[in-house]
Amino acid sequence: MTVAEPTRREQILTTAAELFAARGFHGVSVAELGAACGISGPALYKHFPNKQAVLAEMLVSISEELLAVGRARVAAADGPAAAVRALVDWHVEFALGHRPLIIVQDRDWESLPDEASAQVRALQRKYVDLLAGQLRMLRPELAKPTAHAAAQAAFGLLNSTPRAGHAISDAELRTLLASMAVAALRA
């Protein structure tokens with residue numbers, strides 16, 4: 001099976017994530033983004049109306065992916081314990097593979113247009129609800145707010161990935177983060 005080459009749009013999003021993570025949304029011009037993609041700044045406008053639209057699509061699409069894959073992993077799991085582990089493993093996999101996106105979301109959130117911000121927040125709530133729901137099935141004594149707080153805390157731990165593990169391999173970091181998150185969710 002061959003892997004399709006990324007589209008120009010996908011290339012722009014990947015390059016933008018790396019540049020925004022390194023220098024911040026406001027630290028990267030359209031001309032610099034275009035040059036990094038091998039096109040002129042004005043050619044970027046064939047793909048996106050403005051730099052904010054790049055940021056919006058970047059963060060909305062990752063939120064959609066997290067939720068879609070999370071739902072699929074829960075559906076394939078054999079019970080709530082397996083579903084919790086599948087969600088943790090998915091989030092670790094995502095965090096290790098998309099460090100720049102986590103940095104961008106954390107740092108450049110305020111630069112999102114209002115509509116995209118609302119969309120990302122709604123998707124994130126559904127993603128937290130997914131883990132919180134599985135936690136409550138696994139641990140019925142948990143009140144809904146407690147399960148949501150636990151889910152948010154576990155995702156926060158996993159989202160620390162860009163700032164963690166520089167002295168250990170990704171495989172070691174994957175094991176460490178997953179075991180810490182699962183242990184935290186059992187607390």
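Begin with helix α7, residues 114-138: α7 supplies 7 residues to the lining of the largest pocket, the largest share. Before you click further, know that this is a predicted model, where local features need pLDDT of at least 70, side-chain atom pairs count only at pLDDT 80 or more, and totals for chains, interfaces and linings use all residues. Residues are numbered from 1 along each chain as its sequence is written, and side-chain values use heavy atoms, with hydrogens and water left out.

**Stop 1: the largest pocket**

Select Gln 105, Arg 121, Gln 124, Phe 155 and Asn 159, which lie nearest the centre of this pocket among its 21 lining residues. Besides α7, the elements giving two or more residues to the lining are α4, α5 (80-97), α6 (99-108) and α8 (144-158). Helices here are DSSP runs (H or I, at least four residues), numbered from the N terminus. Colour the lining by class and you get 9 nonpolar, 7 polar and 5 charged residues. For that colouring, Ala, Val, Leu, Ile, Met, Phe, Trp, Tyr, Cys and Pro count as nonpolar, Asp, Glu, Lys and Arg as charged, and the others, Gly among them, as polar.

The volume is about 570 Å³. A pocket is found on a 1 Å grid over the protein atoms alone, as an open set of points where a 1.4 Å probe fits, with protein on both sides within 12 Å along at least five of seven lines; lining residues have an atom within 4 Å of a point. Points are joined across faces, edges and corners, and the volume is the space filled by probe spheres set on them.

**Stop 2: the second largest pocket**

Now pick Leu 13, Thr 14, Ile 62, His 98 and Leu 101, the ones nearest the centre out of 13 lining residues. Two or more residues each come from α1 (8-23), α4 and α6, and α1 gives the most, with 5. This pocket holds about 300 Å³ of space.

**Stop 3: the core**

Which residues touch the most other members of the largest nonpolar core? Select Phe 20 and Met 58: they do, in a core of 60 residues. Helix α4 (residues 51-76) brings the largest share, 11 residues. A nonpolar core is a set of buried Ala, Val, Leu, Ile, Met, Phe, Trp, Tyr and Cys residues joined through side-chain atoms within 4.5 Å. Show what surrounds Phe 20: beyond its neighbours within four places in sequence, its contacts (heavy atoms within 4.5 Å) include Phe 25, Val 54, Met 58 and Val 104.

**Stop 4**

Leaving aside neighbours within four places in sequence, His 148 contacts Val 128, Asp 129 and Ala 132.

Then jump to His 26, in the loop between α1 and α2 (30-36).

**Stop 5: the annotated stretches**

Finally, highlight residues 6-66, where an unreviewed UniProt entry places "domain: HTH tetR-type". This span is 70% helix and 0% strand. The UniProt record also puts a "DNA-binding region" (unreviewed entry) at residues 29-48, whose end C-alpha atoms lie 14 Å apart. UniProt positions follow the numbering used here, feature names are shortened, and annotations may be inferred rather than shown by experiment.

How values were computed:
Buried < 20%, exposed > 50% of the residue type's maximum accessible area, 1.4 Å probe, protein only.
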